Amino acid sequence: MKTRTGQKLKLTTVEELLGVPATESSTEIDVDMIHVFKNHPFKVLDDEKMSDLVESIRVNGILSPVLVRPDGEDSYEMISGHRRMHAAKIVGLTMIPAIVREMSDDEAVIYMVDSNIQREELLPSEKAFAFKMKLDAMKRQGKRTDLTSDQNVQKFQTSRDSLASEFGISGPQISRYIRLTELIPDLLELVDNKRLQMTAAVEISYVDKEIQQWICEYIHENGNVKQNQIVILRQELLNGAITQSQLIDILNENAIGRIPKKKVTLSEKKLSQYFPPHYTSAEMEKVIVELLTNWKEQGGAENGF
């Protein structure tokens, strides 16, 4: 649309781009007075993108202020801008432009997640803890104490599905990501490094931490595990406790492509038809092995008898 001569153009400010009300403005704050968000789920890495950000700040300064909230102790908690603050420290800046906003704990969690979750190449662990933190905050914001158990379950599913809709994925997928928060750190790292499939990781998340550690050691020594192996392992665990050696046998026997072990059981009733009552188990086993050896030498397997 054409503008009239002399008409002033209104440019979008940084605050408007960040969704900051017009009454808010940025101020310079000492970086040492800002601490990271509690349990911040997003990793701040010294990678190539961080190098680019450092160079940009070195040349142009910080163009977009960070967002913080007062913590009641004359310092501030970072809500959005952890990477910018990290880069500023590398450059050597002691002051950083920041917007200070009063926020409740749940408001802070939701804003922190929303301002980071759209970043490219997020790790599964980052999504897992971010989704869990935001879902917990959403549930607390709408919590009622007069709900029955069934209504609470329904409310959880509603919050979960609402969260899923925000990020364009399914509710069950949100649940699968959140299950990853139940993994020990070493296993979660394997998921991030794509050495452990998410489907198998979700199954593992349902077993206790000691078993998880054994599975982690198994993966490091024997290679990856598949979902079907963990499903069978969980079924075995329903029957009672197992040893680490038994776990290894279960995973080995159910590895895809592995020929399963054949197990033949002869009951005492069946064996009593062929052996005198005074024969011990060792004596019966010796006779059976001798008979099988003779059968093999006579070509029993090759001759079909």
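Helices (H or I, at least four residues) and strands (E, at least two) are DSSP runs, numbered from the N terminus. By that rule, aspartate 106 lies in helix α4, residues 105-116. This is a predicted model: local features need pLDDT of at least 70, side-chain atom pairs count only at pLDDT 80 or more, and totals for chains, interfaces and linings use all residues. Residues are numbered from 1 along each chain as its sequence is written, and side-chain values use heavy atoms, with hydrogens and water left out.

**The chain overall**

- The chain's secondary structure comes to 15 helices and five strands.
- The chain has 305 residues, and 34% of them are buried. Buried means under 20% relative accessible area, exposed means over 50%, and partly exposed is in between (1.4 Å probe, protein chains only).
- Take the contacts between residues at least 6 apart in sequence: 70% of them join residues at least 24 apart. Contact means heavy atoms within 4.5 Å.

**Strands**

- Strand β1 (residues 26-30) pairs with strand β5 (residues 95-100) in the antiparallel sense, over five bridges. Two strands pair if DSSP finds at least two bridges between them.
- Isoleucine 29 stands opposite isoleucine 96 in β5.
- Strand β3 (residues 66-70) also pairs with β5, in the parallel sense and over three bridges.
- Leucine 67 has isoleucine 99 of β5 as its bridge partner, and valine 68 stands opposite valine 100 in β5.
- β3 and strand β4 (residues 76-80) run antiparallel, joined by four bridges. Here proline 70 has tyrosine 76 of β4 as its bridge partner.
- The hairpin of β3 and β4 has five residues between the strands, and glycine 72 takes a positive phi near 80° in this hairpin.
- Four of the five residues of β3 are buried, so β3 is largely enclosed by the rest of the structure.

**Nonpolar cores**

- The largest nonpolar core has 52 residues. Such a core is a set of buried Ala, Val, Leu, Ile, Met, Phe, Trp, Tyr and Cys residues joined through side-chain atoms within 4.5 Å.
- Helix α5 gives this core its largest share, seven residues.
- Leu180, Leu187, Leu196, Ile204 and Ile215 have the most contacts inside the largest core.
- Not counting residues up to four places away in sequence, leucine 196 touches Leu187, Leu190, Val191, Ala201, Ile204, Ile219, Asn224 and Val225.

**Helix packing**

- Two packed helices are described by the angle between their axes and the distance between the axes.
- Helix α10 (residues 209-222) packs with helix α11 (residues 227-237) at an angle of about 145°, with the axes 13 Å apart. Axes are lines fitted to C-alpha atoms, for helices over the stretch in contact, and angles run from 0 to 180 degrees between N-to-C directions.
- From α10, Ile211, Ile215 and Tyr218 meet Gln229, Ile230, Leu233 and Leu237 of α11.
- By class, this contact of α10 with α11 has six nonpolar, one polar and no charged residues. Ala, Val, Leu, Ile, Met, Phe, Trp, Tyr, Cys and Pro count as nonpolar, Asp, Glu, Lys and Arg as charged, and the others, Gly among them, as polar.
- In helix α8 (residues 185-192), Leu187, Leu188, Leu190, Val191 and Asp192 are buried. Their cover includes α5 (124-141), α9 (198-204) and α10.
- Lysine 194 follows α8 and has a positive phi, near 65°.

**Buried charged residues**

- Aspartate 106 counts as buried because its relative accessibility is 14%. Leaving aside neighbours within four places in sequence, aspartate 106 is in contact with Ala137, Arg140 and Gln141.
- Arginine 101 sits in the loop between β5 and α4. Its relative accessibility is 16%, so arginine 101 counts as buried.
- Arginine 101 and isoleucine 79 are 22 residues apart along the chain, and their C-alpha atoms are separated by 9.5 Å.
- Glutamate 126 lies in helix α5 and is buried, with a relative accessible area of 3%.
- Glutamate 126 and phenylalanine 42 are 84 residues apart in sequence, but 5.3 Å apart in space, C-alpha to C-alpha.
- Leaving aside neighbours within four places in sequence, glutamate 126 is in contact with Pro41, Phe42, Lys43, Arg119 and Glu121.
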